[in-house]
Every structure is written in structure tokens, then in C-alpha cells.
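Me: I have a model open and want to go through some of its contacts. Can you take my questions one at a time?

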Amino acid sequence: MTPHAGRIAIFSASVGAGHDGAAAELARRLTADGFTVDRHDLLDLLPAGLGRAVRTGYHRMLVRAPWAYQRIYSSSERAGGGGPAARALLRAAERRVLHALRPGTGAVVSTYPGASQVLGSLRRDGRLAVPVLTYLTDFSVHPLWVADGVDVHLAAHQVTAAQARAAGARTVRVCGPVTDPRFRPRTGTERDRARDRFGLPEEAPLALLVAGSWGVGPVRQVALELRDSGAVVPVVVCGRNEALAARLRADGIEYAYGWVDDMPALMNAADVLVQNAGGLTSLEAFAAGLPVASYRCIPGHGLTNAAALHEAGVAAWIRDPADLKAVLTDLTDGTLGVRQREAAFALFTRTPGQGPAAEIARRHRRGPLPRQAPAREGSAPAGRARPTPRRLAATAAVACAVWACAVVTGGATALDGPSLVRTIGHGLDLDDLRPGDGHGVGPGSHHS
């Protein structure tokens, strides 16, 4: 590859860390192959500064009213995608997305379902003439991930690919996961060094408990259950939620951390990963040769990812607390852990020419593609007038709530405005979180 192979744009969203993490690794690989890569955060391109509200609202929904998030996710899944409020907000971002593309961009990639919808609409209407690809960051595929106009959907596994096709994706390529190369199988020496560095027990089986960059879900309950099972010693990573780490230490959970900069080393120290969302950390554990268990998963994408990972044979899904000790023992010192590691390693047994970055590069080299099929009836045609500020303000409250609850994982709601207001309003006080309480979201609450 020449040093000036071309330009590629990647659109992600800074909600949690998974979408940005996949975008960062794709960018690293493409840059190494000689491409110039431009990365964009779709939330920064939403009008009227709504991106911050989306990020904050989604976080608070998971913390304060997970039942409402489950309802919205399930209803939108049954409806096959987003409702009118979400579509209005997405349309409002289209012009900004087009303006963000640098001259000479030869392909555009999305690692976030909202971005896929925007880019797919532009491609379908003929306003974007270069290939659009979606990299599916989750093992399960919510219908919002599949957008008309997207040329190729890239999946980590056949289970994911089958779900994408069932949701209407026309072209799907199984290319394996994208993870930082620092996540790799450990040696015995690396295990010992990692345990010494973090001050962990030398011989005890360790369960690395993770809850994303925000530390959401019943983390305290799971940590205590892991300890009380007697099968493992819990090592808990709480992300940016330092208050949660402090509460765990007060509960007697000795090894509780906030943000950890060197997760590869901590995975080297552990014997099993316990997770509740099925995102990027699970893929990193697969690359590190660490068995994975899904337990007490968060609503929506947490549950659907657990089911997909279990179906693929790469993670155990513990649905009954009575099974916790037996499954963890089998994962750390039994045949289940051996089988699972083999299935997980198989995801990565590909030559460099078969990975997601290689597929993106091939699509780029093919050059501009023919215009996609005409837009479906009722969709926004090319040249349609953008919402006026007054109209945008009138729909912002509902649309922002929709996005905050669900777009991050493909759950833009199919509920109408009044139904959504009733759902959000029942038991969810968005003002009861204050900076410093361990849950607030501000600058530095996510990372790329």
C-alpha cells in the first residue's frame, strides 16, 4: 500500500466506549495501510447542541429507569427501527454530516446505528456517491443498525450476520472482530507480573467484573455474589464511576478500581471475565484468551448480546444465580472454559486480507458506486428542506429523549410522542443526579 492510498471517514458516537473503541482500532489499521482517516462524533453534529443531552439522558435512563429503556428497546425492535421523532432528528443531522466529509473521501464507515441511518439516507438519495459500510459493534443486531442505502454490513460472527440479514441487510460480510493488538493470550510470566503490579492474590482464581465505561447495572450485587460463591475472587472495574468503586471497597470488595488505563494487563491477571453488556470488552477478552460469562445483564442490548454470544458458543449466559458457582468453576478450571476459548480464538483466525479494515479498503479502491435504489415512499428525497429552528425546537424534547434512551444501541423508539412521555415521566427524574454523585456525565465521562 502506498503512503497516500486515499481518504476514509469514520463516524462513531461518544456514548460509553464501545463505538469509539471500534472506530479507533479501524482507524489505526487503515492508517497503517496508508489511508488518511477522518474520525467524527455524530453527537457533535446534531443541531442545537443536542449531542450532550443525548449522551446524558441515555446514561441517566440506564441508571435510574432501566425498565423504561427495556420497554423502548423492545418496542422499537418489534417495530423494526426508529419512529418519526428519531427520523426527524436524524434528518436534521444529514447536512452537517455531508459538510464534515473532506474532499477526496473515498469511503465512509459507521460504528454507530444512528450514523448508519444518516449515512444510509444520504447514500440512498444520491447525495453521497461513495461506498458506505457499517461495522456492527454488537453481537446482536437491533433493526436500527440496518439502514437502507448502506452498501455493506460487517459482522464479527455468523450469528451476527444472520441477524443483520433478517433485519433486511442486503450485503453482509463476516470479517471478525476489531480489537487493540495489545489484547492477546498471556504467558505464565505475564500473569504473574500483572498480579504483582495490581497487588492481586498470586494463586486464587480471579473474576474480572466489568460494567462498561459508566459502571452501570447491578454491579454491587454481582460483586458480592461472586465473592460469596467461593469460586472466585472478584476484581471490579467501575469505569468513570469512582463513587461505585468507593462503595464496593466499603462493602469489603478489596479489589475495586475506577478507570483502568491498562486493561490488557488486568485481563492477563484474571481467569474469567464477568460482563453485563456484551460490548467491546467481551471482544477484547476473546482476543486475550479469557473465558467470558454474561450475568445480570443490563436491559435492551445487554440481554440480546448475551443471547447472541451464548448462541455463538463464545460466552456462557448465567441466568440462574444458583448456577453461578458451577459455571464459574467450569470456566476457570474445566472443559467449558477450554471450549469457549477455542470458539473465541476462531473469530480471529483470519489473514490480514480478511479483516474488517481490509474489506473497507477494498470497497474504497473500487471507487464511486452507482446510486442506490430510490428512496422508499415517505422518506426524505434529495433536496428536501431541512427542519426550521422552530420546528426543530418543537420536536427536540421527544426526539432527544428517544435518542438518549435508545439510539446508542439501535433502539430509537417506535412509540408515539405521548406514549414516550408517559414512559419517561413515570419514575424518571432527570434532575436528581448531581455532579459528584458518581453518576453524572460531564467532560471526561467517555473516552475514544
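Reply: Start with a definition. A crossing is right-handed if the near helix is turned clockwise from the far one by less than a right angle, and left-handed if anticlockwise. Note that this model is predicted.

Me: At what angle do the axes of α8 and α9 cross?

Reply: Helix α8 covers residues 219-229, and helix α9 covers residues 242-250. α8 passes α9 in a right-handed crossing. Their axes come within 10 Å, and the crossing angle is roughly 35°.

Me: How many charged residues are in the contact of α8 with α9?

Reply: From α8 come Val219, Arg220 and Ala223; they meet Leu244, Arg247 and Leu248 of α9. By class, four are nonpolar and none is polar. The charged residues number two.

Me: Is His364 buried or exposed?

Reply: His364 sits in helix α15, residues 356-365. Its contacts beyond four places in sequence include Ile8, Phe35 and Gly106. The cut-off for buried is under 20% relative accessible area. His364 has 11%, so His364 is buried.

Me: Which residue has its backbone oxygen 3.4 Å from a polar side-chain atom of His364?

Reply: His364 touches Ala5, Gly6, Arg7 and Ile8, among others. One of these places its backbone oxygen 3.4 Å from a polar atom of the His364 side chain. That residue is Arg7.

Me: Which side chain does Asp125 join in a polar contact?

Reply: Asp125 lies in the loop between α5 and β4. Its relative accessibility is 3%, so Asp125 counts as buried. The polar contact spans 3.1 Å, and the partner side chain is that of Arg127.

Note on methods. Residues numbered from 1 in each chain as written. Predicted model: local features only at pLDDT ≥ 70, side-chain atom pairs only at ≥ 80, totals over all residues. Heavy atoms only, no water. Axes fitted to C-alpha atoms, helices over the stretch in contact; angles between N-to-C directions. Helix = DSSP H or I, 4+ residues; strand = E, 2+ residues; numbered from the N terminus. Contact = heavy atoms within 4.5 Å. Nonpolar A, V, L, I, M, F, W, Y, C, P; charged D, E, K, R; others polar. Buried < 20%, exposed > 50% of the residue type's maximum accessible area, 1.4 Å probe, protein only. Polar contact = N/O pair within 3.5 Å; in protein donor to acceptor, adjacent residues only side chain to side chain.
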